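Here is a briefing on one predicted model. Read it beside the sequence and the coordinates.

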There are 2 protein chains.
Amino acid sequence: MPKNIFNITPSPLTLRRLAKYLCLLNQFSQGENPEISSAKLAKIANIKPSQLRQDFHYFGGFGKPGHPYDANLLKEELLKVFGLEKPLHLLLAGATPWAATLIQCPSLPSLNVHIKGVVDFTAGTIDDEFSNCPLISTSNLAEFIERNQISVGVICANEPETYLRLLIEKGLTVFWNLSPKHLIPPLGIRIQQESLMCGLLPMVYELRKS
Amino acid sequence: MPKNIFNITPSPLTLRRLAKYLCLLNQFSQGENPEISSAKLAKIANIKPSQLRQDFHYFGGFGKPGHPYDANLLKEELLKVFGLEKPLHLLLAGATPWAATLIQCPSLPSLNVHIKGVVDFTAGTIDDEFSNCPLISTSNLAEFIERNQISVGVICANEPETYLRLLIEKGLTVFWNLSPKHLIPPLGIRIQQESLMCGLLPMVYELRKS
């Protein structure tokens, strides 16, 4: 896990910024010249350079002062911050457009995050696929979760409650909720709520006041 | 536009919190009892009650001290903060699973945000549909944008650059980029970057350090 030299937990906002840097590096490390300065990375991320350097300092700095970063090495260091030097396995719940969106998203495998299957109430018990990903029936689910070392259930259905109950029954405790419904987590269960609207609405505010 | 009694621009973080409250109210206003206290709303939003009250105070308070809010009225007030008492029209770019996800998302119409069509390079010039939404060919695009008063282009394709160029050519200046590629906005163009990974990665951090 991360070389956190101060041994204190970073705030949720710091973690979001680190996630942003990682996603940008993911894109820019694929170019011909993998060098990037802190000023350039900060500019693309729309964050002050001093803030970026402070965020990196937190984990020991990464690289030499005055020299640009090697985007590939920096990406590896940031992956370690998130514990993603080891692969993370997801199970999607609901064979929906959301599930197809994630399956086709090139960022996930490059962050060492892998979708192992999609569970759907309508899936048969024979081998089947959804968007080239194994489609799992509810009856095979417990065995599938154990064999594939699934860590996170991703709720992709508009009606999330029944999938949440099912996956908790089968032993999962950590969820990423992409459905438009906010879910109240039962005791001992962690649910990360995602709301696309939190990105759209602040932009609409700017647009309408201008 | 919003009754912003202090006449200062709220920070991006304040706007994100207001967006969060609005999305939650959207869900809870549909219940039998539309009353909600600031303490309950703050708890569901995972935000301190004092922070929520401060955020609301900014726009004049909404409601009487010591009384619960009427979720429907509060939702209407928050819609006004974002200028959404008037409808907002979106055009999606790319007939992809991302586009289908947005078309099927029940939150958008309830926030007075309406998807008017999907443009795709492969669309023919005859009437066609994608997920029950009009599919527009590039040759009809300028006329379609004007007739439907499109304000925002939503980039739903994994390869976003060609769609961005096309939509700028046809007169759009505000974009919501859902593709996994960060786009550098040309002069005079506003691009809101969305990255799902910024939600997933902080949760992975917690999971891996525990």
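Chain B and chain A bury about 5,800 Å² between them. Carbon and sulfur atoms supply 73% of that area. On the side of chain B, M203(B), Y205(B) and R208(B) lose the most area to chain A. Together these three residues make up 14% of what that side buries.

**Interface: contacts**

- In chain B, 63 residues are in contact with chain A, and they meet 63 residues there.
- The count of salt bridges between chain B and chain A is 2.
- R190(A) and E206(B) form a salt bridge through their side chains, with N to O at 2.9 Å.
- Polar contacts join 19 residue pairs between chain B and chain A, with both residues at pLDDT 80 or more.

**Interface: make-up of the chain B side**

- Six elements of chain B are listed as giving two or more residues to the side that touches chain A: α1 (12-28), α5 (97-103), α6 (107-110), β8 (174-177), β9 (190-193) and α9 (197-209).
- The largest share comes from α9(B), with 13 residues.
- By class, this side of chain B has 41 nonpolar, 13 polar and 9 charged residues.

**Symmetry**

- Chain B superposes on chain A by a rotation of 180°, with 0.0 Å of shift along the axis and an RMSD of 0.0 Å.
- That relation is the one of a two-fold axis.
- Both copies use the same surface: 100% of the contact residues of chain B recur in chain A.
- P97(B) comes closest to the rotation axis among the residues of chain B, with its C-alpha at 2.5 Å.

- W98(A) sits in helix α5 of chain A, residues 97-103.
- Its relative accessibility is 7%, so W98(A) counts as buried, the cut-off being under 20%.
- Leaving out residues up to four places away in sequence, W98(A) touches C156(A), L178(A) and L196(A) in chain A.
- W98(A) and V174(A) are 76 residues apart in sequence, and their C-alpha atoms are 18 Å apart in space.

**S38(A), a buried serine**

- S38(A) belongs to helix α2 of chain A, residues 38-45.
- At 15% relative accessibility, S38(A) is also on the buried side of the cut-off.
- The side chains of S38(A) and R53(A) are joined by a polar contact of 3.3 Å.
- S38(A) touches L52(A), R53(A) and Y69(A), with residues up to four places away in sequence not counted.

- N46(A) is not a glycine, yet its phi is positive, at about 60°.
- N46(A) lies in the loop between α2 and α3 (49-57) of chain A.
- The relative accessible area of N46(A) is 71%, so this residue is exposed.
- Q149(B) is a residue other than glycine, and its phi is positive too, near 45°.
- The loop between α7 (141-147) and β7 (152-155) of chain B holds Q149(B).
- With a relative accessible area of 62%, Q149(B) is exposed.

How values were computed
Residues are numbered from 1 along each chain as its sequence is written. Chains are lettered from A and ligands numbered from 1 in the order in which they are written. This is a predicted model: local features need pLDDT of at least 70, side-chain atom pairs count only at pLDDT 80 or more; totals for chains, interfaces and linings use all residues. Side-chain values use heavy atoms; hydrogens and water are left out. Helices (H or I, at least four residues) and strands (E, at least two) are DSSP runs, numbered from the N terminus. Buried means under 20% relative accessible area, exposed over 50%, partly exposed in between (1.4 Å probe, protein chains only). A polar contact is a pair of N or O atoms within 3.5 Å; within protein, one must be able to donate a hydrogen and the other to accept it, and residues adjacent in sequence count only if both atoms are side-chain atoms. Contact means heavy atoms within 4.5 Å. Buried area is the accessible area (1.4 Å probe) that two parts lose on being put together, summed over both. A salt bridge is a side-chain nitrogen of Lys or Arg within 4 Å of a carboxyl oxygen of Asp or Glu. Ala, Val, Leu, Ile, Met, Phe, Trp, Tyr, Cys and Pro count as nonpolar, Asp, Glu, Lys and Arg as charged, and the others, Gly among them, as polar. Copies are superposed by least squares on the C-alpha atoms of residues with pLDDT of at least 70 in both.
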